[in-house]
Amino acid sequence: MDLAAILILQAVSTVATLVIISIGLAVIFGMMRVINLAHGEFIMLGGYTVFVATNAGINMWVAMLVLAPLVVGVIGIAVERLVIRHLYGRMIDTLLASWGLSLFFIGSITTIFGNTTTSQIASPFGAVRIGAYSISGYDIFLVFMAMTIVAGLFVLMRFTKFGLLTRGTMQNADMAAALGVNPGRIYMVTFGLGAALSGLAGGLLAPLSAVLPTMGAAFIAKAFITVISGGTAILFGTASASALLGTVNTVATYLTTPVLGEVALLLAAIILLRLLPRGITGRFLGRDL
Amino acid sequence: MRARRWRLIGFLALLLGGVAFAFGFPAFASLHATIQLTNALALALFALSLALVWGFGGILCFGQAAFFGLGAYAYAIAAINFGDTTFAWPTAILVPAAFAAALGYFMFYGRLSDVYLGVVTLTVTLILFQLFNSTAGPEYRIGDARLGGFNGIPSTPPLNVPFDGRAYLSPESIFVIAVLVLLAALFGCLWLLRTRFGRVLVSIRENPLRAELLGYDVRVHKLAAFTIGGGMAGLAGLLFAQNVLVNPALFSLLYTAQVIIWVIVGGLGTLVGPILGSIGLQYVMAWLGTLGWINPNLALGVILVAFVLFVPRGLWPLLVKVVTHGRRLVRGNGTS
């Protein structure tokens, strides 16, 4: 009984982590059809923001929840203005350019901070005990955060004027422009929003994983496979794909090893894409939320 | 008629020049330079495999390193177990080709679009990286070969005389083999593209829908091209493995990114461009490495972004354009 409870909790926290690491990518890909291969590096930059800020004596929560998204969001806007903007409509070129950016960020951070970081950010909250087993309190916090992010994005996209303009631009940029919206600005802000969410993910994960220049590679595969399996509906797709793949991952990890768990996640995604090439939501929902 | 004669002369010159270079270079250059160039040639073959798959098959494969790494591992494991590298050759080609065929079945018959395909292949490579990284314990062994986790298989046997496991070939003769293999692969690709299969492949790249409506099976053609490319990348892995060593870094993001950059810089849609781009950039990166103050990732990133923004078609087409334009100027605007 205790074991079952712990396993379910673990599955839920894996799902939450998947949502957190892929939502920024989902916003950029789902809204703009831009595949951002620098996504992992946006996460990494979020992690480094927390690292630098806490070393400078700033409160960890402020660094994690405010500074990380802010800093990475600004970097995202700069990237959009300098590089991505010139490549809209050329999907493969944007993808290659963002890969170049990814290498550029890894290189710059290595040059500035070196290959390793000295201090580890301590994970807040202790362990929560259930019978003979225990689970980290921080995992439960991550579940809460994942739900907050998804709910917040839903409200932003569904009920605000910004959300309306954004969705309109994504459906038909020319029509939106004819009605007086500046699509260029909407794209810029959307890219910044996606980057900020990736930065937030990096901040939230900083206490769990080592903050290294190459840490992005650990997340990018999972994030991409989740977003692609999810299909075109940003929120519902990402959430449902995370739920499916996270559960597969947890069960396989429990039965075998963590690495085989990741392999199972990937296999499940490839088989899913063989059956539903446009992802879980591609066929039913189209480009809704 | 004239164009055809010129093409024949070009082929012959390339062939003779290549053979002369293969036997001549080790005589003049130092042993170190020979081994270094063997390495560069192995990676040039790797670039050629992607040039075929991406440039002519129109398949955006970001996981070419998966086949390269699998070929290298297959070679090392087979060579250690057989005690002889003769049968390691077919193993190193067939294992990655089979893996490419299996992966390709899911992707092409699932009709994944370009970009999804790129991401899936990239993900597969990263998962293989993690998988091979986790094989550290002594229980992970295939026959006599321990997979060795993060460290890989440090002492991969060099090539030997066929059917004589103890007669190792000298670095000079291995260099000759590398040049010949690369030439054979290049001519093989040129031949393939002139066959009916190759023409259909190019037509699919140009317009998949039209090719399909004309009655060609897009899926089979893409799958075949992908499998051939996988086998070629495996062969490149073999040449690399016997020269250096085998470790999970072969599956890393750096290798995957590098090969794409070589193809982009050399020129997508050409065969010679990526080969030259690969060899040239490797020496540039080695030179940058000796400077010490610039991070290789940073340099690669800047090169990639700059090429995508400013020279999206690559250097080789640019060069060809400059040369033909120059010739036309000399001849006085004739038709050539």
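Two strands count as paired if DSSP finds at least two bridges between them; strands (E, at least two residues) and helices (H or I, at least four residues) are DSSP runs, numbered from the N terminus. The model described here is predicted: local features need pLDDT of at least 70, side-chain atom pairs count only at pLDDT 80 or more, and totals for chains, interfaces and linings use all residues. Residues are numbered from 1 along each chain as its sequence is written, chains are lettered from A and ligands numbered from 1 in the order in which they are written, and side-chain values use heavy atoms, leaving out hydrogens and water.

**Strand pair of chain A**
- Strand 1 (residues 127–130) of chain A runs antiparallel to strand 2 (residues 133–136) of chain A, and four bridges join them.
- R129(A) has S134(A), in strand 2 of chain A, as its bridge partner.
- Two residues lie between the strands of this hairpin, in which G131(A) takes a positive phi near 60°.

**Helix 6 of chain A**
- G163(A), T166(A), T169(A) and M170(A) of helix 6 (residues 161–171) of chain A are buried (under 20% relative accessible area, with a 1.4 Å probe and protein chains only).
- The buried residues of helix 6 of chain A fall within an arc of 135° seen down its axis, so they line one face of the helix; the arc is that of the directions from the helix axis to the C-beta atoms.
- On the other side of helix 6 of chain A, K161(A), L164(A) and Q171(A) are exposed (over 50%).
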